[in-house]
Amino acid sequence: MTHAPALQDQFGRSIEYLRISVTDRCNFRCQYCMPLEGMQWLPKKDILSYEEIVAVVAQLAPLGLRRLRITGGEPTIRPDLPSLIRQLRAVEGIEDIALSTNGVKLPELAPALAEAGLDRVNMSADSLRPERIIAIARRNLGFNPVTAAMAAVRAGLSPIKFNVVVMRGINDDEVEDFARLTIDHPFHVRFIELMPVGDLRELTWEHVVPSEEVLARVATVGPIEAVEGPRGNGPAKYYRVAGGVGTIGVITPMSHTYCGSCNRVRLTADGRLRTCLYGDHEVNLRDPLRAGEPLEPLFRQALADKPKEHNLLQMKVGGLRALSQVGG
Ligand code: SAM
Ligand code: SF4
């Protein structure tokens, strides 16, 4: 079957990838993402039902949408996530469905998610040390990243990618430990530069560790070579420590932007289409959907307005909506 070519934005970027936030809530309070107090949660009536999310995807798939990522907030805390995956899987034209999760519920949910048609998982893992996991997530839920990732691998959800937000003086001394983990485990560890989004009261520019520094640390574990990334590779560049079964990647929103090849848009939990993570570029799809109006003209207009690039480097810490609110 031939699919429609993906729609292009005003800069010729083909838009085929939608990140769908299913909730703005979370069972963690990661230092770089959510403040401990004062979060304003969306009222339940404003949040798209699973049926509404599927209806949006069904209208966008004929316009060339191919790949989905379910995210949040923490998507696994929304009841019966497998039923959403199952319904999205049934939409014609959708080729790949991934999940971003903090991993806490993976041991319990991985088999049902895989059975429902989920393809793969990205898991946040900022530390391998129990006391530090609690300090960064500011919740003690007994989370063990390696156990959670192995549960996903056993369920057939692969490749499994780890997202590690590197913060100077907080977890940057674990870069080598994460690199060593890829020698024996089929994990793809991506080190992410801390971004100045949301209400980061305890974090400053001094906590940002550039990817060059991260790679220099990785190279102390063993010789590294640049390699092709795993399936579904987005903006990361990948490397392998000699003899490793997994890979290392770096995602560099701060030191090198990758906006030129950005193929993604986002759907917030309350049904707004955001064409860039940053700034005010959003279109309300929920109200027209609930009114029975077609979404295609709104989608076309949103793509025509997709900005060329973010301007994170000019932003002050705390000036933006947290990734948990926009569907990180
Ligand atoms: N709760 C899920 C999770 O943690 O993977 C999905 C949502 S979370 C907002 C998506 C990703 O955004 C995570 O990998 C997280 O590490 C990343 N993230 C959140 N705030 C960030 C920040 N200030 N800088 C860099 N990455 C951030
Ligand atoms: Fe929750 Fe993910 Fe944000 Fe951490 S990064 S607070 S797990 S949404």
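**Exercise 1.** The model is predicted. Which residues of helix H7 (residues 211–218) are buried, and what do they pack against?

*Solution.* Start with burial. In H7, Ser211, Val214, Leu215 and Val218 are the buried residues. Next, look down the axis of H7: the buried residues fall within an arc of 95 degrees, so they line one face of the helix. An α-helix has 3.6 residues a turn, so residues three or four places apart point the same way. Last, list the partners.

**Exercise 2.** Describe how helix H2 (residues 81–89) packs with helix H3 (residues 106–116).

*Solution.* Take the geometry to begin with. The H2 and H3 axes lie 8 Å apart, at an angle of about 20 degrees. Angles under 35 degrees count as roughly parallel, and H2 and H3 are therefore roughly parallel to each other. Their crossing is right-handed. Now the contact. H2 contributes Leu81, Pro82, Ile85, Arg86 and Arg89, which meet Ala112, Leu113, Glu115 and Ala116 of H3. By class, the contact residues are 6 nonpolar, no polar and 3 charged.

**Exercise 3.** Where does cysteine 276 lie, and is cysteine 276 buried or exposed?

*Solution.* Locate the residue: cysteine 276 is in the loop between strand S13 (272–274) and strand S14 (282–284). Then apply the cut-off. Buried means under 20% relative accessible area. Cysteine 276 has 12% relative accessibility, so cysteine 276 counts as buried. Finally, check cysteine 262, 14 residues away along the chain: the two C-alpha atoms are separated by 9.1 Å.

Methods
Residues are numbered from 1 along each chain as its sequence is written. Chains are lettered from A and ligands numbered from 1 in the order in which they are written. This is a predicted model: local features need pLDDT of at least 70, side-chain atom pairs count only at pLDDT 80 or more; totals for chains, interfaces and linings use all residues. Side-chain values use heavy atoms; hydrogens and water are left out. Buried means under 20% relative accessible area, exposed over 50%, partly exposed in between (1.4 Å probe, protein chains only). Helices (H or I, at least four residues) and strands (E, at least two) are DSSP runs, numbered from the N terminus. The arc is that of the directions from the helix axis to the C-beta atoms. Axes are lines fitted to C-alpha atoms, for helices over the stretch in contact, and angles run from 0 to 180 degrees between N-to-C directions. Angles under 35 degrees count as roughly parallel, over 145 as roughly antiparallel, 65 to 115 as roughly perpendicular and the rest as oblique. A crossing is left-handed if the near helix is turned anticlockwise from the far one by less than a right angle, and right-handed if clockwise. Contact means heavy atoms within 4.5 Å. Ala, Val, Leu, Ile, Met, Phe, Trp, Tyr, Cys and Pro count as nonpolar, Asp, Glu, Lys and Arg as charged, and the others, Gly among them, as polar.
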